[in-house]
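Student: I've got a model open and I'd like to learn how to read it. Can we go through it feature by feature?

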Amino acid sequence: RDWFAAAGLFLATASVVFRQNAHVAVLWDLSYTLDSAARIAQGQLPYRDFPFAHAPLTFLIQAAIIRLTGRVFFHHVVYAAIVGGLGTVLAWRIALRSLVSKHADRAWLVSLLLAAPLSVLGIYCILPFPSYDCDCAFALLIAIYLLQKLSHDASSGYAFLTGAALCLPLFFKQNIGLPFLAIAVAILFVPLTAAFLSRGKSHSQNRWGPLIVMTCAGIAATLLAALLLLHFTVGIGNYFHWTIQFAAQRRLPGLQ
């Protein structure tokens with residue numbers, strides 16, 4: 001029944017995205033995303049070769065689609081439909097895991113009913129073409145899903161992967177991803193502190209410590225790898241100027 005429910009949510013959401021693209025006119029938001037992606041696909045580097053106030057991952061994904069399949073609008077619609085459908089399925093699984101501990105007998109049905117409206121209100125159902133806001137929402141769902149499944153019997157590799165996933169939203173949209181990462185790190189210190197205080201007690205209590213450390217290691221390694229990649233491609237100074245300084249000037253009023 002899980003597979004039938006997941007397939008139903010996915011197909012319903014994807015069909016709404018296709019329907020939206022069939023009658024919604026092409027907006028400036030799409031032209032901006034695909035124009036920037038086309039420039040990247042031609043070999044230009046954002047932050048270094050042209051001004052760019054956004055995090056890069058959405059544009060890199062769309063540039064890869066252009067390079068692999070050509071400049072065809074429908075391919076980007078397919079991408080939005082797939083990500084939108086997967087987003088609804090992830091939201092359902094997050095809701096199911098949140099409810100199963102307290103309402104095990106009704107959790108499956110209630111979570112499915114809670115997720116059903118996302119088939120018409122999902123991350124790509126309103127804005128039905130590639131957007132960094134929508135991609136960031138999908139990255140948040142991935143991170144929350146992995147973090148939610150991090151239990152005391154998880155492997156170190158899974159914990160490291162979870163830490164890496166917590167960094168993903170930051171590179172889709174910085175003013176969402178940065179607060180999310182900061183909150184996630186703060187939350188991780190709660191069980192880490194509890195594990196430290198429970199030294200000498202049962203193995204199950206102490207199991208959290210190494211897992212949280214591995215999760216933090218995943219965060220640190222991912223951020224370090226991203227910084228090195230940015231340094232050797234576009235330059236850390238360029239990236240910081242456009243995505244932090246310039247973007248903040250556009251969005252935050254001065255103290256005066």
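This is a predicted model: local features need pLDDT of at least 70, side-chain atom pairs count only at pLDDT 80 or more; totals for chains, interfaces and linings use all residues.

Student: How do I judge the length of a helix, and what does H7 reach from its first C-alpha to its last?

Tutor: Helices are DSSP runs (H or I, at least four residues; strands are E, at least two), numbered from the N terminus. The expected span is 1.5 Å times one less than the number of residues. H7 has 17 residues and reaches 24 Å, close to the 24 Å expected at 1.5 Å a residue. Residues are numbered from 1 along each chain as its sequence is written, and side-chain values use heavy atoms, leaving out hydrogens and water.

Student: Which residues of H7 are buried?

Tutor: Buried means under 20% relative accessible area, exposed over 50%, and partly exposed in between (1.4 Å probe, protein chains only). In H7 the buried ones are Tyr132, Cys134, Asp135, Cys136, Phe138, Ala139, Leu140, Leu141, Ala143 and Leu146. Asp133 also sits in H7, but counts as partly exposed because its relative accessibility is 32%.

Student: What caps the N-terminal end of H7?

Tutor: Look for a polar contact (a pair of N or O atoms within 3.5 Å; within protein, one must be able to donate a hydrogen and the other to accept it, and residues adjacent in sequence count only if both atoms are side-chain atoms). Ser131 does the capping, with a side-chain oxygen 3.3 Å from the backbone nitrogen of Asp133.

Student: How about Gln20: buried or exposed?

Tutor: Gln20 counts as buried because its relative accessibility is 17%. Gln20 lies in helix H1 (residues 2–23), and its side chain makes a polar contact with the side chain of His23 at 3.0 Å. For contacts in general, think heavy atoms within 4.5 Å. Not counting residues up to four places away in sequence, Gln20 touches Cys125, Ile126 and Pro128.

Student: Which residues touch the most other members of the largest nonpolar core?

Tutor: A nonpolar core is a set of buried Ala, Val, Leu, Ile, Met, Phe, Trp, Tyr and Cys residues joined through side-chain atoms within 4.5 Å. The largest one here has 33 residues, and Tyr47, Leu166, Phe171, Leu181, Ile219 and Tyr239 touch the most other members. Helix H11 (208–233) is among the elements giving two or more residues to this core, and H11 gives the most, with five. Apart from it lies another core, of 16 residues, among them Leu90, Ile94, Phe138 and Leu141. As for Phe171, leaving aside neighbours within four places in sequence, its contacts are Ala55, Pro56, Leu57, Leu223, Ala226 and Tyr239.

Student: And the chain overall: how many helices and strands are there?

Tutor: The protein chain has twelve helices and zero strands. Of its 256 residues, 41% count as buried. The C-alpha trace spans about 60 × 45 × 45 Å along its principal axes. Among contacts between residues at least 6 apart in sequence, 70% join residues at least 24 apart.
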